[in-house]
Amino acid sequence: MTVRLHHDEVRIDEDLVEQLLRTQLPDLANQELRLVPAQGTDNVVFRLGTELSVRLPRKPSAVRSLLIEREWLPRMAPRLPLAVPLPVASGEPSGAYPFPWMVCTWVSGMPLPPGGGLSAGDVDTLAAFVIALQALETTGGPQVQPGQRAGPVAAYDAVARAALDETSALTAAGRIEPDLVDEEAAASAWRAAMEAPAWRGPGVWVHRDLQGGNLVTVDGRLSGVLDFGGLAVGDPAGDVMAAFHLFSAEGRPRFRAAVGSDDPTWVRARGWALTQGLEALPYYLDTHSGMVAMARRVIQATLTSH
């Protein structure tokens, strides 16, 4: 049984998935099914046999993301330099489960540990992935909406400030370590992102969640990227923020140079990365240790670099 993360998520377990496979995709139903230990926040993932995975949205708001992946990943995968989960079969809503779901290829490799980062040797590898993604044709692609990462920064101001206030309240209550979030530095970093010039170029494809939980390695080197639920067309800062999630203080400038980030994009990226950590920390504090580890890492990285 998966841990409940959201107030509006539906019940998903192995029995349900076996039933869905038997009734909708019987050709795949005879393969071994097992829950993936490292779970995402929008989808519950099961491994199916050795070559496939089953992904089921946890909540209504995650359905749109799954449909975006289902439509766009088959077009993109051949032009991306890292392995990605390729949709191979689709399931539809039923009386047993209310949302669409899908079967994808399994991306082999070892997931990064919670809150983990990449080695300096992977700077160019990840940068090449970001550049290749940005180079893809965007016609017809879903646009980042105001109030989402990689959209207009000003539209996120109320959410960012609320996240800092909630984190500060938990710190005052002794539930978060007192030296993690310097409130003045955090407010200053976000203010700098608000004041930075907006992206004026054409929107580009952005993954928007290039953090450790969505990457896998083979023999210690980056080999695959997972969870394209945030895939959209928007501000490149939405992927430049990976520098603060994944690289050390020494690796960040190399990544910045490799992806060609200008000063305003770098400042916006730092603000987005900080707010992602500030939102995730209180929200998942009692339910998802991996997201908490991610939050701690990226908060520390953004504030020490500010």
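Predicted model: local features only at pLDDT ≥ 70, side-chain atom pairs only at ≥ 80, totals over all residues.
1. A150 belongs to the loop between α3 and α4. Its phi is positive, at about 80°, although the residue is not a glycine.

2. Backbone at D227. A positive phi is also found at D227, here about 55°, and this residue again is not a glycine. D227 is placed in the loop between β9 and β10. The side chain of D227 takes part in a salt-bridge network with R55 and E69, in which the bridges share partners.

3. Salt bridges across the chain. The model contains 14 salt bridges. Side chains of opposite charge can pair when their charged atoms come close. One of the bridges joins R221 to D122, with 3.1 Å from N to O. R221 lies in strand β9 (residues 221-225), whereas D122 lies in the loop between β6 (110-111) and α3 (123-134), so this bridge ties together parts that are 99 residues apart in sequence.

4. The R175 and D286 bridge. R175 and D286 form a salt bridge with an N to O distance of 2.5 Å. R175 is in the loop between α4 and α5, and D286 is in the loop between α9 and α10 (289-304); the pair therefore links distant parts of the chain, 111 residues apart. With a relative accessible area of 41%, R175 is partly exposed. D286 has a relative accessible area of 60% and is exposed.

5. A bridge within one helix. R161 and D157 also meet in a salt bridge, at 3.0 Å from N to O. Both belong to helix α4 (residues 157-172), and because they are four residues apart, about one helical turn separates them. R161 is partly exposed, with 49% relative accessibility, and D157 is buried, with 15%.

6. Aromatic pair of W190 and W272. There are nine aromatic pairs in the structure. In one of them, W190 and W272 are arranged edge-to-face, with 6.0 Å between the centres and 70° between the planes. W190 is in helix α5 (residues 183-195) and W272 is in helix α9 (residues 263-283), so that the pair links parts of the chain 82 residues apart. Both tryptophans are buried. Ring pairs also bring in Y156, which forms a cluster with W190 and W272.

7. Aromatic pair of F244 and W266. Helix α9 holds a partner of another pair: W266 is in this helix and F244 is in helix α7 (residues 242-246), 22 residues apart. The rings are tilted, with 4.8 Å centre to centre and 40° between the planes. F244 is buried, with a relative accessible area of 1%, and W266 is also buried, at 12%.

8. Charge over a ring. R75 lies over the face of W72, at 4.1 Å from the ring centre.

9. Second largest pocket. The volume of the second largest pocket is about 270 Å³. Its lining comprises 18 residues, and the closest to the centre are G151, P152, A198, W199 and D235. Helix α5 and strand β10 (232-234) are the elements that give two or more residues to this lining. By class, the lining residues divide into twelve nonpolar, four polar and two charged.

10. E184 lies in helix α5 and is exposed, with a relative accessible area of 66%. The C-alpha atoms of E184 and L303 are 9.9 Å apart in space, although the two residues are 119 positions apart in sequence.

Key. Residues numbered from 1 in each chain as written. Heavy atoms only, no water. Phe/Tyr/Trp six-rings, centres within 6.5 Å; stacked < 30°, edge-to-face > 60°. Buried < 20%, exposed > 50% of the residue type's maximum accessible area, 1.4 Å probe, protein only. Lys NZ or Arg CZ within 6 Å of the ring centre and 35° of its normal. 1 Å grid on protein atoms, 1.4 Å probe; cavity = no way out; pocket = protein on both sides within 12 Å on 5 of 7 lines; lining within 4 Å. Points joined across faces, edges and corners; volume = space filled by probe spheres on them. Nonpolar A, V, L, I, M, F, W, Y, C, P; charged D, E, K, R; others polar. Salt bridge = Lys/Arg side-chain N within 4 Å of Asp/Glu carboxyl O.
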